[in-house]
Amino acid sequence: MNPFSSGTRLRDMIRAIRSCKTAAEERAVVRKECAAIRAAISENDQDYRHRNLAKLMFIHMLGYPTHFGQMECLKLIASSGFPEKRIGYLGLMLLLDERQEVLMLVTNSLKQDLNHSNQYIIGLALCALGNICSAEMARDLAPEVERLLQFRDPNIRKKAALCSIRIIKKVPDLAENFINPAASLLREKHHGVLITGVQLCTDLCKVSSEALEYFREKCTEGLIKTLKDMANSPYAPEYDIAGITDPFLHIRLLKLLRILGQGDADASDCMNDILAQVATKIESNKNAGNAILYECVGTIMSIEDNGGLRVLAINILGRFLSNRDNNIRYVALNMLMKAITVDAQAVQRHRATILECVKDSDASIRKKALDLVYLLVNESNVKPLTKELIESLEASDQEFKGVLTAKICSLVEKFSPEKIWYIDQMLKVLSEAGNFVKDEVWHALIVVISNASDLHGYSVRALYRAFQTSTEQETLVRVAVWCIGEYGDMLVNNVGMLDIEEPITVTESDAVDALEVSIKRLNSDLTTKAMALIALLKLSSRFPSCSERIKDIILQNKRSFVLELQQRSIEFNCILQKHQNIRSALVERMPVLDEATFSGRRAGSLPTSVSTSTGTARNLPNGIAKPAAAPVADLLDLSSDDAPAPNSSGGDFLQDLLGVDLSPASAPPGTSQPPKAGTDVLLDLLSIGTSPPAQSSSSASNILSSIQDDKTSLVNLNGLASLTSLSPNATSASPAPMMDLLDGFGPSPQKKEENGPAYPSLVAYESSTLRMTFNISKQPGNPQTTLIQAIFTNLSPNVYNDFLFQAAVPKFLQLHLDPASSNTLPASGNGSIIQSMKVTNSQHGKKSLVMRIRIAYKINSKDVLEEGQVSNFPRDL
Amino acid sequence: MIHFVLLISRQGKVRLTKWYSAYSQKERTKVIRELSGLILTRGPKLCNFVEWRGLRVVYKRYASLYFCMCIDEDDNELEILEIIHHYVEVLDRYFGSVCELDLIYNFHKAYFILDELLIAGELQEPSKRTVARLVAAQDSLVETAKEQTSSITNIIAQAANV
């Protein structure tokens with residue numbers, strides 16, 4: 001024996017490691033052992049190979065690197081004795097994972113062992129294969145496993161069945177080879193084989209519709225009979241758990257029946273009786289019984305409708321919900337989430353109990369209950385439910401506050417019946433958990449306030465009050481600062497007092513105080529401070545009596561270490577001192593922020609569409625165009641005639657001045673030409689220092705999205721807001737050059753049909769799995785812009801999820817993609833996804849359209865990507 | 001399906017890990033750290049389920065050990081609790097009132113038993129007796145092989161002495 005090889009036994013090593021008092025000591029012991037093992041490996045020591053590997057496994061569990069032992073596993077597996085193989089396979093499963101190349105080397109040994117005469121060695125090989133095989137190994141060894149499904153010993157058959165599950169998951173193409181052997185496993189009496197056979201059939205149904213059809217036709221009755229026999233079987237000590245014979249088999253049978261019954265009325269009909277029997281007979285005082293009931297309810301909810309059974313199932317869930325055991329309540333909530341799509345009314349009955357669960361002390365239950373409440377909310381119950389949720393916001397811990405806040409904001413936006421209620425609820429959320437509110441949410445609030453001209457006074461007063469009590473909520477401060485800047489005069493003069501309000505006395509200097517506080521707050525961040533500076537500038541013209549003080553406050557930031565604040569302070573000071581003549585025009589109230597554009601931006605800035613952002617940058621709100629001097633005046637709401645119309649350089653200045661867009665990420669990309677109107681910049685003002693809005697914003701609000709591109713309602717809005725004199729109606733009547741500037745506006749659809757030249761629809765892209773058709777139309781009076789409606793049809797039998805269409809065009813074209821109608825494409829042409837886009841051809845008449853497309857989607861959560869080029873557009877587009 | 005099985009002691013020491021889905025070594029360490037933080041801090045009366053990365057972790061504490069199994073969203077959590085208990089009962093029968101030390105010194109045995117209970121993240125055998133019988137049969141195979149080698153060694157040693 002060589003002097004380095006450690007003579008310690010496994011037990012001694014573990015004891016030595018356990019007796020270490022510090023981590024350093026432990027590392028030293030492990031280092032010594034590893035050195036000895038490495039030495040033994042390089043000596044090719046045979047006698048202690050399996051002991052060394054066992055040690056390595058222990059060391060591996062402690063988290064030390066053990067890659068040098070991987071080849072030892074292979075050597076042990078290749079040796080002839082059972083003890084060596086046993087440790088070798090264990091090491092293989094523990095030290096390696098399926099992505100390691102070394103694994104390929106073991107394929108041959110596995111093949112030999114699968115054909116071994118000793119059934120325990122076959123068992124070891126099957127176990128290893130089932131736990132870690134890769135797709136290549138699955139392909140190579142599938143025939144052996146298939147053969148072993150008929151092996152004489154049941155313990156090998158059951159292992160082979162589970163091994164087959166791994167194989168068909170790795171290589172779904174192999175599924176059809178397993179359908180017949182799997183079906184014959186269902187007739188077995190041995191519980192182990194039966195349980196694994198049922199599981200194999202379940203997984204086969206998931207990967208192959210052929211298997212599903214086969215089992216539905218051939219095995220449904222047999223399975224029902226098996227379940228019936230089991231439910232009625234006398235006491236069987238070997239499989240008994242809490243008085244029930246083999247709950248595991250019960251559950252697996254119910255699961256398979258669920259898959260067979262789903263979408264098939266006949267099969268569902270057959271299983272009604274036995275499901276009713278299980279649901280009524282199983283005792284629910286032990287976990288095992290509840291597990292079966294839970295599975296049974298799931299099956300009843302999934303198979304085709306049978307009113308009586310559903311009532312039974314909902315009653316079981318009701319019983320679960322009032323159970324004292326948290327586990328049972330958790331699964332009840334979980335199942336109610338699934339039940340809501342089937343029978344929302346029945347779930348609504350449990351609303352009070354579910355709301356209680358939102359306040360539970362258990363985080364898992366709270367989260368689940370909140371998800372469920374979120375699904376329960378509709379127009380009719382949004383007010384009481386929101387009230388409850390906001391109440392629980394006060395009581396919840398920090399971690400949960402974030403989740404809860406996001407959900408409340410989303411609900412309030414989605415279902416709010418009126419603006420004042422929306423503003424009230426948002427205010428409550430902001431003052432309670434403002435620090436958890438996402439940027440796009442408070443941006444949306446500002447847009448809504450800006451649009452509700454009759455609520456300006458109310459909002460600013462309410463915000464002022466809230467600001468006095470909770471200054472530590474950053475987003476509340478921001479919204480308050482913005483509103484005080486805009487509507488400070490309404491705050492002081494109590495303009496637009498509503499009946500429900502209590503009168504409040506705020507002097508001009510009080511308002512300025514509030515802004516000063518928000519600049520000087522220690523925890524104010526850059527965005528808040530920058531917003532407060534702008535607000536001060538605005539107030540300087542509204543409150544002439546305070547202008548000296550405002551100048552002082554602004555000047556205090558002259559030496560700010562933050563460049564942005566310093567620059568602002570100096571520039572604003574300059575305006576106050578030297579440019580009195582334009583000041584009042586500069587700091588006029590913001591024009592009404594366009595909700596459609598804002599919600600469009602939110603939806604459009606999803607990372608899903610490559611070209612959207614360039615499009616939105618030109619999506620001019622309210623049709624305001626810069627070249628004309630008058631519209632700029634309108635933009636600034638010069639309702640007073642005496643204000644001098646600012647020239648265009650003044651407009652640019654304004655842009656620079658208000659360009660608070662601190663993060664380059666939110667700057668409109670692709671603006672090689674200067675923005676055409678100040679509005680764009682004003683909109684950017686709202687996305688101060690934000691990262692692009694998160695994906696979640698696709699759940700955009702109803703209030704915000706209700707207008708969309710619908711021109712009629714837009715006109716209404718303008719009428720309501722009445723701040724912009726230049727309504728789209730007026731512009732659509734203007735001559736063509738004007739329209740070019742307004743290409744962001746699609747005319748109303750009826751017009752399109754009347755005036756636009758007609759084009760036949762064309763199949764732009766077609767593969768064996770997918771077809772994309774384009775319906776092409778033109779905007780009247782705007783030959784450069786083409787409206788395209790893309791219709792996607794699924795030609796395969798699989799549903800496509802996370803469907804995403806992307807398009808790219810050459811530089812002479814500009815592309816704007818609208819959000820798609822859905823991201824799920826039903827199978828076999830049973831529906832379609834529609835997505836509109838707009839292409840503007842700057843070389844109209846010289847070059848024709850061309851487009852490169854990319855379509856990504858998921859089939860059974862596998863990514864698929866299709867790419868192509870569309871060059872068969874009609875020539876004159 | 002069960003994605004992985006973890007046995008963690010109350011001090012956060014790992015006693016057994018079994019991975020049925022592909023996790024690289026780096027991910028494994030991260031998963032263990034994340035879950036220890038999530039599970040060991042939970043109070044005693046709370047439910048036995050934790051949502052984690054879109055999956056669900058079912059755990060149950062037996063004395064100083066936490067048995068954790070990670071499953072898909074649509075699996076039956078209550079059944080997993082039964083499977084955990086099933087495993088514990090088999091261990092208990094095998095070791096004779098099992099304790100953490102048994103699992104430390106005989107960790108490989110704990111793995112062998114688990115391999116008779118689960119393959120590919122699915123339950124293999126509902127009968128505790130069958131599992132015990134299969135493990136015992138394989139243990140005796142090992143014993144016989146050991147005896148044979150030692151008798152051969154003895155013969156060689158005797159021959160050398162002569």
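This text goes through the cavities and then some of the salt bridges of a predicted model.

The cavities come first. A search of the whole structure finds ten of them with a volume of 30 Å³ or more. The largest cavity holds about 180 Å³ of space. Its lining is made up of 17 residues, and those closest to its centre are Gly123(A), Leu124(A), Lys159(A), Glu116(B) and Gln138(B). Several helices give two or more residues to this lining: in chain A, helix 5 (82–95), helix 7 (119–132) and helix 9 (154–170), and in chain B, helix 4 (107–117) and helix 5 (128–161). Helix 7 of chain A supplies the largest share, five residues. Sorted by class, the lining of the largest cavity has nine nonpolar residues, four polar ones and four charged ones.

Salt bridges are the next topic. Over all chains, the structure holds 46 of them.

Glu72(A) and Arg49(A) form a salt bridge through their side chains, with an N to O distance of 3.1 Å. This pair links distant parts of the chain, as Glu72(A) lies in helix 4 (residues 70–78) of chain A and Arg49(A) in helix 3 (residues 49–61) of chain A, 23 residues apart. Glu72(A) and Arg49(A) are both buried.

The next pair is Arg252(A) and Glu79(B), whose side chains meet in a salt bridge at 2.4 Å, N to O. Here the contact crosses between chains: Arg252(A) belongs to helix 13 (residues 247–261) of chain A, and Glu79(B) to helix 2 (residues 77–95) of chain B. Arg252(A) and Glu79(B) are buried.

The last pair is Glu51(B) and Lys368(A), a salt bridge in which the closest N and O atoms are 3.0 Å apart. Why does this pair join two chains? It does so because Glu51(B) lies in strand 3 (residues 49–52) of chain B, while Lys368(A) lies in helix 20 (residues 363–376) of chain A. Are the two residues buried or exposed? Lys368(A) has a relative accessible area of 3%; buried means under 20%, so Lys368(A) is buried.

Note on methods:
Residues numbered from 1 in each chain as written. Chains lettered and ligands numbered in written order. Predicted model: local features only at pLDDT ≥ 70, side-chain atom pairs only at ≥ 80, totals over all residues. Heavy atoms only, no water. 1 Å grid on protein atoms, 1.4 Å probe; cavity = no way out; pocket = protein on both sides within 12 Å on 5 of 7 lines; lining within 4 Å. Points joined across faces, edges and corners; volume = space filled by probe spheres on them. Helix = DSSP H or I, 4+ residues; strand = E, 2+ residues; numbered from the N terminus. Nonpolar A, V, L, I, M, F, W, Y, C, P; charged D, E, K, R; others polar. Salt bridge = Lys/Arg side-chain N within 4 Å of Asp/Glu carboxyl O. Buried < 20%, exposed > 50% of the residue type's maximum accessible area, 1.4 Å probe, protein only.
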